[in-house]
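Subject: Structure for your review

Dear colleague,

Please find the structure below, together with an account of what was found in it.

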Amino acid sequence: MRHLVSIIAVVMLAAAALPAAETMFVPSKLTPPPPVREFRGAWIATVANIDWPSKPGLPAAQQKAELINLLDRAAQLKFNAILLQVRPVADAIYPSPFEPWSEYLTGVQGKRPQPMYDPLAFAIAEAHRRGMELHAWFNPYRAWHIQAKSAPASNHVTQTHPELVRHYGSQTILDPGEPESQTRALNAVLDVVKRYDIDGVVFDDYFYPYPEKNGAGNLMDFPDAASWKKYGASSGLSRDDWRRANVNQFVQKISQSIKAIKPWVQFGISPFGIWRPGVPAGINPKALDAYGKLYADARLWLANGWVDYLAPQLYWPIAQRDLSFPVLLKWWEQQNLKHRNVYAGLYDAKFSADEISRQLQIIRSQPEESGAIHYHLRSITDNASLAAAIRKEYAQPALVPAAPWLDSRPPGKPRLTVVAAADSAVARWKPEGTEPVGQWLLQVRTKGEWTTEIFPASQTSQYFSNSKFDVVSLRAVNRVGNLSAPTVLSVVKYAASDGHRGNH
């Protein structure tokens with residue numbers, strides 16, 4: 001035994017006398033795998049305090065803490081886009097030159113947060129810090145909500161321009177047939193586009209109002225006789241076609257006006273999920289007619305490329321044949337003649353975790369890059385089983401699908417260095433070229449397996465503890481999702497006394 005111990009001691013001393021092996025990362029011609037591309041959006045509704053703030057009148061610090069918690073949860077679940085409702089009822093959750101502060105912040109319409117802060121600027125900064133896009137969600141025509149608790153502010157449109165307002169059943173909206181209604185919505189959108197670093201503008205399904213019945217149970221017509229007489233009767237169009245033209249012209253103008261200011265800001269709409277009853281074949285012929293009753297021709301918007309993405313609200317289960325989720329999704333994909341992005345709107349609060357998982361799997365089976373927008377974020381974060389299912393489906397980080405029709409230029413290939421220590425490493429990088437960077441895509445290979453991380457543009461380094469990877473790849477991503485060529489470094493190990501050390 002004593003002899004064996006002596007041998008071991010000699011071997012250890014000899015090993016200690018050998019030059020230490022060092023690690024260096026040098027340029028490599030290896031090609032990293034393509035990243036996952038999938039839009040993973042979640043609505044944050046402010047109307048009626050559905051998602052945020054949890055109730056009106058909270059101190060600014062508590063509002064901020066709640067929003068940070070929601071964004072943290074979204075980032076943990078690997079969502080990559082937040083759709084924040086910024087103009088719920090012709091009001092604003094930001095300091096607007098046109099409209100009053102929202103009551104959903106303070107409990108009183110027109111009253112600013114205390115102490116004063118800008119919730120939209122705060123949300124954008126926090127979303128971007130977590131590598132998520134922030135899309136500003138506008139309701140263009142809704143002027144009041146049936147559950148409102150406070151009185152309208154003196155500068156609210158119901159007080160300053162009552163001639164634009166229509167009362168229809170339980171709904172109060174601005175008449176889309178009044179040019180001034182369209183101008184007010186356009187001005188609100190463009191104000192935000194100009195002043196804030198948003199990634200997108202998005203509308204939901206509110207244009208002309210959803211049909212309501214009177215006390216006798218009969219459908220009521222929308223009360224737009226005044227605007228029809230002024231603008232529609234002499235147009236040569238039927239009243240229905242005139243209403244549709246009002247919406248179509250507005251959608252086109254919003255799209256063109258956004259691009260004239262910031263070409264990289266995307267414009268999306270999430271319409272009702274059925275274009276017309278019975279379309280496609282097998283869909284319920286008695287379904288709501290979005291084309292005929294909401295005057296929303298979403299197929300036209302997509303076919304003409306007026307939207308950068310369309311997210312039809314497919315709020316039905318897979319098994320319901322006459323309102324089939326997969327049949328409707330496939331039909332909308334087939335209408336995408338200009339190859340914009342089509343995402344499925346999912347109603348998470350309505351279905352089981354298993355149903356939502358299977359819907360996500362169906363979305364991924366589509367031939368083109370796609371994704372989903374989940375309604376709404378708190379319905380996921382407050383439901384442990386649903387959150388677990390989405391965490392499983394969204395296991396790997398994903399980039400949003402690119403929008404090359406907005407900008408086809410890739411960013412420059414970044415400069416990357418990796419300095420390795422005994423059991424750790426630090427990667428540092430810098431942009432190259434003039435194309436602005438929106439994110440960084442970092443991929444590392446460990447024992448043949450690649451993992452991906454997505455960082456905001458502001459981050460330019462990453463520390464790795466217990467590093468065992470042998471390849472590192474970095475790509476720049478611009479504001480519309482175009483990727484640079486990868487900068488790839490591979491491990492080379494050598495003895496400390498190796499004369500070739502200076503050649504790397």
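A cavity is, on a 1 Å grid over the protein atoms alone, a set of points where a 1.4 Å probe fits but cannot get out, whereas a pocket is an open set with protein on both sides within 12 Å along at least five of seven lines; lining residues have an atom within 4 Å of a point. Grid points are joined across faces, edges and corners, and a volume is the space filled by probe spheres set on the points.

This is a predicted model, in which local features need pLDDT of at least 70 and side-chain atom pairs count only at pLDDT 80 or more, while totals for chains, interfaces and linings use all residues. Residues are numbered from 1 along each chain as its sequence is written, and side-chain values use heavy atoms, with hydrogens and water left out.

The chain as a whole

The protein chain has 504 residues, and 54% of them count as buried (under 20% relative accessible area with a 1.4 Å probe, protein chains only; exposed is over 50%, and partly exposed lies in between). It contains 14 helices and 20 strands; these are DSSP runs numbered from the N terminus, with helices being H or I of at least four residues and strands E of at least two. Its C-alpha atoms fill a box of roughly 105 × 55 × 45 Å along the principal axes.

Cavity and pockets

One cavity of 30 Å³ or more is present. The largest cavity has a volume of about 50 Å³, and its lining includes Asp 205, Phe 207, Trp 275 and Trp 332. By class, this lining has ten nonpolar residues, no polar ones and one charged. Here Ala, Val, Leu, Ile, Met, Phe, Trp, Tyr, Cys and Pro count as nonpolar, Asp, Glu, Lys and Arg as charged, and the others, Gly among them, as polar.

Asp 205 also belongs to the lining of the largest pocket, where Arg 142, Asp 204, Asp 205, Tyr 206 and Tyr 210 lie nearest the centre out of 25 lining residues. This pocket holds about 520 Å³ of space. Strand β7 supplies the largest share of its lining, three residues. The lining comprises 16 nonpolar, six polar and three charged residues.

The second largest pocket has a volume of about 300 Å³. Of its 21 lining residues, His 128, Gly 438, Gln 439, Ala 457 and Arg 479 lie nearest the centre. Helix α4 (residues 119-129) gives the largest share of this lining, with three residues.

Helix α4

Which residues of α4 are buried? They are Pro 119, Leu 120, Phe 122, Ala 123, Ile 124, Glu 126 and Ala 127. Their cover includes α2, β3, α3, β4 and α6. After the helix comes Gly 131, whose phi is positive, near 75°.

Nonpolar cores

A nonpolar core is a set of buried Ala, Val, Leu, Ile, Met, Phe, Trp, Tyr and Cys residues joined through side-chain atoms within 4.5 Å. The largest core has 103 residues, and Val 201 is one of those that touch the most other members. Helix α6 (residues 179-195) contributes the most to this core, namely seven residues. A second, separate core has 17 residues, among them Phe 25, Trp 440, Leu 474 and Leu 489.

With kind regards

Notes
Contact = heavy atoms within 4.5 Å.
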